[in-house]
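This report concerns a single protein chain, which is shown below.

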Amino acid sequence: MKGSVRFVAIGIVLLLAGAFVYVSRRQQAQLRANLARAREELRAAVPVEVVRPFRRELTETIQVMGTIKALQDVTIGSELVGRVVFVGAREGDFVKAGQVLLLLDDSALRAQVDQARAAYLQALTRYEQVKAAIQIPSTQADTEVEQALAQLEQLQTRLKQLKTSRELTYRETDLTVQQAEALVETARHRVQELERQYEILDEQLRNQLQQAEAEKRAAELTLKKLREGARPQEKEQARQQLLAAEANLRNATLNYERAQKLYEQGAMAKAQLDEAQRLLETAKAAYESAKAAYDLVLEGARAEDIAVAEERLRQAEANLRNAQAVQKQRDILHSQLESARAQLRQAEVQLELAKAAQLRRSIIERDIDALQAQIKQLQATLKLAKAGQVRKFTSAKDVELARIQVEQAKAMLDNALAMLRKTVITAPVSGYIASKNVEVGNTVSPGVPLMRLVAAGAVEFEVNLSESDFAKVKDGQPVFVKVETLPGRILKGFVSKLVPVAEVASRQFKIKVILPGADRLVKPGAFARGEIIVNRIPDALVVPRECLVEWQGRISVFVVADGKVARQRPVKVGVRTDRWAQILEGVTENDTVVRSGLERLSDGTPVRIMEVE
């Protein structure tokens, strides 16, 4: 009995041990299968780099370019026709307000002043005599006749000088107006021609830049694809095809061997054996082809293919540099256009000055009329004196007439002194002489620019903006300016003036930026580039711009779900800069956003997050 129990116990123990071994082997097999499946999924996953959205200050800017200009730019000219006897400044000299710049020959005008002063003093003496005299003796008639003759001769000489001056002034002003109109027309044609050239070059440059950038991106993607080699899915597909071809080869070999035995036994026709041999050869060829394809996938792209792709990328980069070089030509043409516009404005100013000089004819005509009236009055007085009909007693009417003659003489003296003062041309403001078009000995005329004076002090940066950019700019916004003549230096200014009327030709709006203290560093006329800060967002949720995927007008990103699957999610984007994009809706700071590898993703693609050093 005890022996039976012992045998039963031993049997139970052995049965339990066998069951344990059986269960353990099943668990190990299941574990190996799960591990193989995990490895397979890991090989099929797309490697990606990820970032988390974060908050930072975001600055929206507008890139502009334009010209440095002075706040005051004065054209110096002469109001008289005369010969230059002194030039007091050269180009580049600094002059103070009131400093003498030019002196004209004043000998003729000084003679006129002396003559006018003598006539004034004579009229004043006459007036005092008329007031003081109660009775004029008849014995003084001869003296009065002599005085009247002398005064009449002076007035007739003065009248002759004025008529000569009138003829000369008329010829000079007409010629100056004609020359100024011709200059305006030439400058206007020059501006129109440069504007057409600039528009054509600007359009060509945009097209070249777009094409060059597209070619560069395509070359970079091609080279990247060749360097990375085949995708894991392609490798697995080639391996499966090789396994299928190998299985077909084994089946074809077995069928051929079986057919050969049957043929040797006389149980199969020769045609069937030949068919089995043909299928075997076909399977061998398919296996060799699949094996070569699989080896090629494992080996990756050939070195010569990569070299060709690298050469295409270098060529695309060279094309892009060439297009960027054309941009400098456009900037030069833009500077020429701005210079031509400045010349047009200067020519228009010259034309206005010349037309203003024509208005001086009326002053000369009034002077001539006044002289002729005085001569007629003096001739009448002379006639009475000669006839001995001068009244012996003064009256209120005689006193009033003498007073009027004093005022007329005083007006002629003041006019002569004013003309004399105009022979001295001074600087209206302190500044630098930008240009000088006159030398000692030259004869100058009204309306002809002689010097250009740029006032000292702050300078301004003048730029043109499109309508969309102009709507974003406001007074007082900060502007950072780079001038080509100051490499590595950034000037800070602010928007000071917005001109709300677009130019007809370019349909662009003009703004002006004040650059305090910059006149010590840069001179007017320099070309510059600027950056206007139009918006600051202190706590913006941002992601790198390369995270955005744009397709058919919609913007989205890929987020990693459960650490292994990419999900495409639409987002609403706000401000964008060169590096960052503001996210208004769609993702939060807790999401994981894909940054690289986007070209291989679609919604639901398995991914593997790579560690970024």
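## Basis of the model

The model is predicted: local features need pLDDT of at least 70, side-chain atom pairs count only at pLDDT 80 or more, and totals for chains, interfaces and linings use all residues. Residues are numbered from 1 along each chain as its sequence is written, and side-chain values use heavy atoms, without hydrogens and water.

## The chain as a whole

Nine helices and 22 strands occur in the chain (DSSP runs, H or I of at least four residues for helices and E of at least two for strands, numbered from the N terminus). Of the 613 residues, 33% are buried (under 20% relative accessible area; exposed is over 50% and partly exposed in between, with a 1.4 Å probe and protein chains only).

## An open sheet

Four strands, in the order β7-β6-β4-β9, form an open antiparallel sheet (two strands pair if DSSP finds at least two bridges between them). Its edge strands, β7 (424-426) and β9 (443-444), each pair on one side only. Strand β6 (residues 100-104) is joined to β7 by three bridges, and Leu 102 has Ile 425 of β7 as its bridge partner.

## Aromatic pairs

The whole structure contains two aromatic pairs (ring centres of Phe, Tyr or the six-membered ring of Trp within 6.5 Å; planes under 30 degrees apart are stacked, over 60 edge-to-face, the rest tilted). Phe 54 and Trp 580 are edge-to-face, because their centres are 5.3 Å apart and their planes stand at 90°. Phe 54 lies in strand β2 (residues 54-70) and Trp 580 in strand β20 (residues 580-585), 526 residues apart. Phe 54 is partly exposed at 32% relative accessible area, whereas Trp 580 is buried at 13%.

Phe 470 and Phe 509 are stacked, with 4.6 Å between centres and 20° between planes. Both residues, Phe 470 and Phe 509, are buried. Phe 470 belongs to helix α9 (residues 467-470) and Phe 509 to strand β14 (residues 509-515), so this pair ties together parts 39 residues apart in sequence.
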